[in-house]
Amino acid sequence: MTEPVFDESRRLQDRLHALVPGGAHTYARGADQYPEFMPPVLTRGSGARVWDADGNEYVEYGMGLRAVTLGHGYAPVVDAVRAVLDEGLNFSRPTVTELAAAEDFLDLVPTADMVKFGKNGSDATTAALRLARAATGRDLVAVCEQPFFSVDDWFIGATDMAAGIPAATRDLTVRFGYNDAASLRARFAEHPGRIAAVFLEAATALAEPEPGFLEEVRALCDEHGALLVFDEMITGFRWSPHGAQSVYGVTPDLSCWGKAMGNGFPIAALAGKREYMELGGLNTDADRVFLLSTTHGPESLSLTAFRAVARAYRETDPVGAMERAGRRLADGVNAAAEAAGVGEAVAAIGRPSCLVFTTRDAEGAPSQAYRTLFLQELLRRGVLGQSFVVSAAHTDADIDHTISAVAGALTTYRKALEAGTVDGLLQGRPVAPALRRTAAPRRLPGGSAR
């Protein structure tokens, strides 16, 4: 195995830290999420492969934080976007592309009556909350105990990274458990007549809804007059092009979409029932809601990219391709872990189109240090990713490469388990949760940390 070098990536990462807070524009992409001395700074991608500034090539997983389902540089999307570049991108009135994109979206999501486009997921979720508050006249929001709904104060104030957010705002968000309808019922009882909306992902990589759970959430919202909002950022176009709401047969009042809609181009959407969406329009007698009115929301490139993505989902089966690749990868990884005698510590788990991996220590507890060791050994063997989330572009060769890399990485992982420590095997500090109250320890010249 030829050892990769990261000299240029480390130089560029240092420059990023000097110019960009955190060294990245997304916390989940930060250098603290990867082994300390192996922070690839990427230059390009094609299909499921990416290259870094040192020329190292990787099979990539996660695929742009799950935003790329068709593969990097997917030709039908790129060609469609290239065709409109010379025609202008942003105008003073709506374009025919906006209408066509809305028609395409509502054809894919027939459970919604209307749609409005934005640029990122937080645009959509915050707009949904504002709409729900206007529709109900209430102030509280109940959010499921799931990783992420928005960069805006109403959600971030309820996380460990709440600096700068007033207590009055933080107090407007309450939480309930997934697959725990009783906890949501308790929130309604504790705050009678105050909860405007209930936010949740219908499913996650690790958790499917138990029988009756989503139906009971729907019933509780109806009983207490709150709007049900599904976050379809990940499930949309990965569970189904019609969203998790179609998979599980429960229709929300509003749903929020993004990520894979543009196969990497920046686009998001808020969709829902006409009676609520029209509160942000012209056909209302109520006080109007300022609903997703942005300069770049209707620019032609991203809407064109979405239309090409929608066409790909109509004419081919990306979800099926992801599920087949994911099953093959999970079977191979788990077989390699059993063969290495570490099956209790390392496993590929979750929905095949959205796999994650476990990394446990010798005591069987989830471990950031062992996770970092696994990431380090995968990087050394040409695999990049914080998960095993696939795209439809992952080929059999990509999967075979990854299974071989995992088998090699597990040789080192087993040594760490046998020793009861990663010391001497892990280079640098462990990775840290992306959303945390304090910064990770900083390594000083000479190797000490603070």
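In which loop is the place of Asn 263? Asn 263 is located in the loop between strand 9 and strand 10, where strands (E, at least two residues) and helices (H or I, at least four) are DSSP runs numbered from the N terminus. The phi angle of Asn 263 is near 50°, a positive value in a residue other than glycine. Asn 179, in the loop between strand 6 and helix 8 (181-190), likewise has a positive phi, near 55°. Most residues other than glycine have a negative phi.

The structure is a predicted model, in which local features need pLDDT of at least 70 and side-chain atom pairs count only at pLDDT 80 or more, whereas totals for chains, interfaces and linings use all residues. Residues are numbered from 1 along each chain as its sequence is written, and side-chain values use heavy atoms, with hydrogens and water left out.

An open sheet of 7 strands shows mixed pairing and the order 4-10-9-8-7-5-6; two strands are taken to pair if DSSP finds at least two bridges between them. Strand 4 (114-118) and strand 6 (173-176) stand at the edges with a single partner strand each, so one side of each lacks a neighbour in the sheet. From one strand to the next, the twist averages 20°. Within this sheet, strand 8 (residues 227-231) pairs with strand 9 in the parallel sense over 3 bridges, and Phe 230 is placed opposite Ser 255 of strand 9. Helix 4 (residues 96-108) lies across strand 4, strand 9 and strand 10 and runs at about 120° to strand 4. For these relations, contact means heavy atoms within 4.5 Å; axes are lines fitted to C-alpha atoms, for helices over the stretch in contact, and angles run from 0 to 180 degrees between N-to-C directions.

An open sheet of 4 strands, also with mixed pairing, has the order 1-2-3-13. Its edges are strand 1 (42-46) and strand 13 (383-384), each with a single partner strand, so one side of each has no neighbour in the sheet. Strand 2 (residues 49-52) and strand 3 (residues 57-60) pair in the antiparallel sense over 3 bridges, with Arg 49 opposite Val 59 of strand 3.

Grid points are joined across faces, edges and corners, and a volume is the space filled by probe spheres set on the points. The count comes to 1 cavity of 30 Å³ or more. Residues lining the largest cavity include Gln 245, Asp 253, Ser 255 and Lys 273, and strand 9 (254-257) and strand 10 (268-272) each supply at least two residues of this lining.

The second largest pocket has a volume of about 970 Å³. Its lining comprises 32 residues, of which Pro 94, Glu 98, Val 115, Lys 116 and Phe 117 lie nearest its centre. Helix 4 and strand 4 are the elements that give two or more residues to this lining, and helix 4 gives the most, with 5 residues.

The structure holds 21 salt bridges, each defined as a side-chain nitrogen of Lys or Arg within 4 Å of a carboxyl oxygen of Asp or Glu. One joins Arg 380 and Glu 3 (2.1 Å, N to O). This pair links distant parts of the chain, 377 residues apart: Arg 380 in helix 14 (residues 368-380) and Glu 3 in the segment before helix 1 (7-19).

Technical notes:
On a 1 Å grid over the protein atoms alone, a cavity is a set of points where a 1.4 Å probe fits but cannot get out, and a pocket is an open set with protein on both sides within 12 Å along at least five of seven lines; lining residues have an atom within 4 Å of a point.
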